[in-house]
Amino acid sequence: NKDLFSDMGIDSIMIKRLSLRCDLKSNKRLIEVRGFADNRWFSLKYLFPETGGYFDAIVSNPPYAQIGYRKDMLLISKKLISLQNASLTPSVNTFIPFMESMWLFVKEDGRSAMIVPMSVAYNSSSSHRSIRRAFTTVGGHWYFRFFDRTPDAIFGDDIKQRTSIVLHERKDLTGFVLQTSSIHRWTSRSRHRLFSSLPEFLQLPECNIVSGIPKLSQIWERDIYTSLIAGKGNISSVVNSSSDHDPESDSFVYIGSTAYNYLVLYRKLPEEHNPTANISFRMVSSQAADWLYAILVSRLTYWLWRVDGDGFHVPLSFITSLPFIWDSSNEICQKIASLGRDIWIKAQKIPVDSINSGRRTRSYNTLDIPEISTIDRLILQSFLLNIDLSLQLHNFVTDTVIAGRNAERKQRHDAS
């Protein structure tokens with residue numbers, strides 16, 4: 001009520017502005033919005049005449065929901081470059097077209113920031129690929145910070161959402177500069193230190209991000225990642241995904257469909273407990289299966305999983321695109337296979353049993369098996385990388401698992 005707002009000393013026009021909802025009926029520079037008061041159509045230039053429709057900065061937390069059915073779907077897909085290469089359906093996430101405001105409504109030297117689902121970096125849907133393509137088309141400087149949902153989450157325990165804080169500077173629009181970070185984990189007890197303990201930004205070389213944005217924060221990570229993606233071939237040429245399960249066969253490897261501190265792996269499914277939901281792969285021989293198990297149990301593969309994915313799901317596409325090739329005549333492959341056999345024997349002595357909804361499952365904690373470092377060194381050697389980077393991989397996994405809790409333990413010890 002206008003009189004009520006006036007009596008309270010509140011600017012009713014400002015209230016009207018702040019309560020408007022973007023209706024995503026866009027032309028090149030204006031997104032029209034519907035005013036609740038009189039059902040007329042206005043533009044941002046009308047609502048904020050002092051800005052001319054362009055702002056020094058925009059900070060936004062858009063809705064994370066499906067866009068739903070709209071009569072103007074075709075118009076939206078033509079007007080918004082973030083969706084021009086997408087199959088626009090009611091299931092498209094609303095945050096994607098909202099991201100277009102990061103460059104449409106800021107001045108030439110303006111900045112924008114938006115917190116969105118972390119899927120902006122890895123989801124393979126056409127709409128997600130389209131928004132990543134739009135980033136490079138728009139140009140400027142882009143910064144991506146990534147935040148896990150456990151042990152703590154950006155929005156707290158009530159909303160467990162993996163997120164990305166995306167920053168954009170409209171300087172140097174003739175080029176595209178990308179800086180990223182690794183996925184950050186922290187605990188609720190260290191929440192007050194969250195933004196003072198973030199990983200460094202790392203500028204990436206010119207690359208195609210349509211298929212995904214890697215989550216990297218250290219130079220050594222960039223060096224490894226660059227070498228891996230330049231490799232020829234991948235695991236898909238030597239493995240066969242299979243729905244079969246032959247308990248007598250020794251040529252299978254089973255991979256859990258989700259993971260956290262380590263990938264869930266089996267050479268044989270446990271008989272006395274249920275395995276976690278898994279994908280099975282049949283190899284050409286038991287030696288090749290030992291090799292695949294070793295590749296998957298390596299810290300390098302765990303690191304790459306966090307770089308390319310969401311830090312929880314283990315999709316089939318991630319496994320089949322791993323840049324490794326089995327060659328039975330290759331000495332390094334033979335050594336890796338032998339180590340894989342040894343690690344599986346040791347892993348079975350470190351079971352982790354869980355009960356979820358009355359269902360008991362078993363996995364095997366391989367975090368501290370020393371042979372894994374040897375596998376990392378052999379893989380690095382095969383890519384002509386410094387084998388001492390295996391220490392960085394070890395530290396990466398340790399830091400990811402601890403998630404800052406070692407600092408808390410030391411702080412409590414010092415206080416006592």
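**Exercise 1. Which residue just after α14 takes a positive phi, and where does the helix run?**

Start with the ground rules. This is a predicted model, where local features need pLDDT of at least 70, side-chain atom pairs count only at pLDDT 80 or more, and totals for chains, interfaces and linings use all residues. Residues are numbered from 1 along each chain as its sequence is written, and side-chain values use heavy atoms, without hydrogens and water.

Step 1. Locate the helix. α14 covers residues 371–382. Helices (H or I, at least four residues) and strands (E, at least two) are DSSP runs, numbered from the N terminus.

Step 2. Look just past α14. Leu384 takes a positive phi of about 60 degrees.

Step 3. Check the span. The 12 residues of α14 reach 17 Å from first C-alpha to last, close to the 16 Å expected at 1.5 Å a residue. The expected span is 1.5 Å times one less than the number of residues.

**Exercise 2. Find which residues of α14 are buried, and what covers them.**

Step 1. Set the cut-offs. Buried means under 20% relative accessible area, exposed over 50%, and partly exposed in between (1.4 Å probe, protein chains only).

Step 2. List the residues. Glu371, Ile372, Ser373, Ile375, Asp376, Leu378, Ile379 and Leu380 are buried in α14.

Step 3. Find the cover. It includes α9 (219–229), α10 (286–297), α11 (299–308), α13 (331–347) and α15 (389–402).

**Exercise 3. Give the strand order of the six-stranded open sheet, then name its edges.**

Step 1. Read the order. It is β4-β5-β7-β6-β8-β9, with mixed pairing. Two strands pair if DSSP finds at least two bridges between them.

Step 2. Find the edges. β4 (55–60) and β9 (202–203) each have a single partner strand, so one side of each lacks a neighbour in the sheet.

Step 3. Take one pair inside the order. β6 and β8 (residues 176–184) are parallel, over seven bridges.

Conventions: Contact means heavy atoms within 4.5 Å.
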